[in-house]
Amino acid sequence: MKDRNEKLRPHMKWDVMDVRELTYKDCFFDLIVDKSTIDALLCGDYAYLNVAMMMRECQRVLKEGGYYVAISYG
């Protein structure tokens with residue numbers, strides 16, 4: 001995505017990390033969009049634990065009054 005958007009959106013930043021252990025500060029985002037991340041985690045080992053860890057991190061980095069939007073197949 002970084003290469004794909006390099007010319008059109010040169011200031012856009014791309015980070016890669018484990019959703020269960022985000023490196024962002026607390027209350028960092030106004031909006032989180034989850035496009036099938038929960039679906040992917042539910043297909044693996046320790047599914048419910050991994051989803052719980054992800055949701056805890058999302059809640060931590062989401063500002064008060066912020067929104068979490070899930071786009072899911074299931």
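Visitor: What does the backbone nitrogen of S36 lie close enough to for a distance of 3.4 Å?
Guide: A polar atom of the D34 side chain. Keep in mind that this is a predicted model.

Visitor: Where does D34 lie?
Guide: In strand β1, which covers residues 29–35.

Visitor: Is D34 buried or exposed?
Guide: D34 is buried. It has no salt bridge. The nearest side chain of opposite charge is K35, 9.1 Å away.

Visitor: What is D34 in contact with, leaving aside neighbours within four places in sequence?
Guide: M54, Y68, V69, A70 and I71.

Visitor: New topic, salt bridges. How many does the structure hold?
Guide: Four. One of them joins the side chains of D30 and K63, at 3.4 Å from N to O. D30 lies in strand β1 and K63 in strand β2 (residues 62–71), so the pair ties together parts 33 residues apart in sequence.

Visitor: And D30, buried or exposed?
Guide: D30 counts as exposed, at 51% relative accessibility. K63 is partly exposed, at 33%.

Visitor: Which side chain does R60 meet in a salt bridge?
Guide: R60 meets E57, at 2.9 Å from N to O. They are three residues apart in helix α3, so about one helical turn separates them. E57 is buried, with a relative accessible area of 8%. Salt bridges that share partners join D26, E57 and R60 into one network.

Visitor: What about R20?
Guide: The R20 side chain meets that of D18 in a salt bridge, at 2.6 Å from N to O. R20 is partly exposed, with a relative accessible area of 29%. D18 is partly exposed too, at 34%.

Visitor: Last one, V61. Where is its place?
Guide: In helix α3, residues 47–61. V61 is buried, with a relative accessible area of 1%.

Visitor: What is V61 in contact with, apart from neighbours within four places in sequence?
Guide: L22, Y24, K25, D26, C27, F28, F29 and I32.

Visitor: How far apart are the C-alpha atoms of V61 and D30?
Guide: They are separated by 8.9 Å, and the two residues are 31 residues apart along the chain.

Terms used
Residues numbered from 1 in each chain as written. Predicted model: local features only at pLDDT ≥ 70, side-chain atom pairs only at ≥ 80, totals over all residues. Heavy atoms only, no water. Helix = DSSP H or I, 4+ residues; strand = E, 2+ residues; numbered from the N terminus. Buried < 20%, exposed > 50% of the residue type's maximum accessible area, 1.4 Å probe, protein only. Contact = heavy atoms within 4.5 Å. Lys, Arg positive; Asp, Glu negative; His and termini not counted. Polar contact = N/O pair within 3.5 Å; in protein donor to acceptor, adjacent residues only side chain to side chain.
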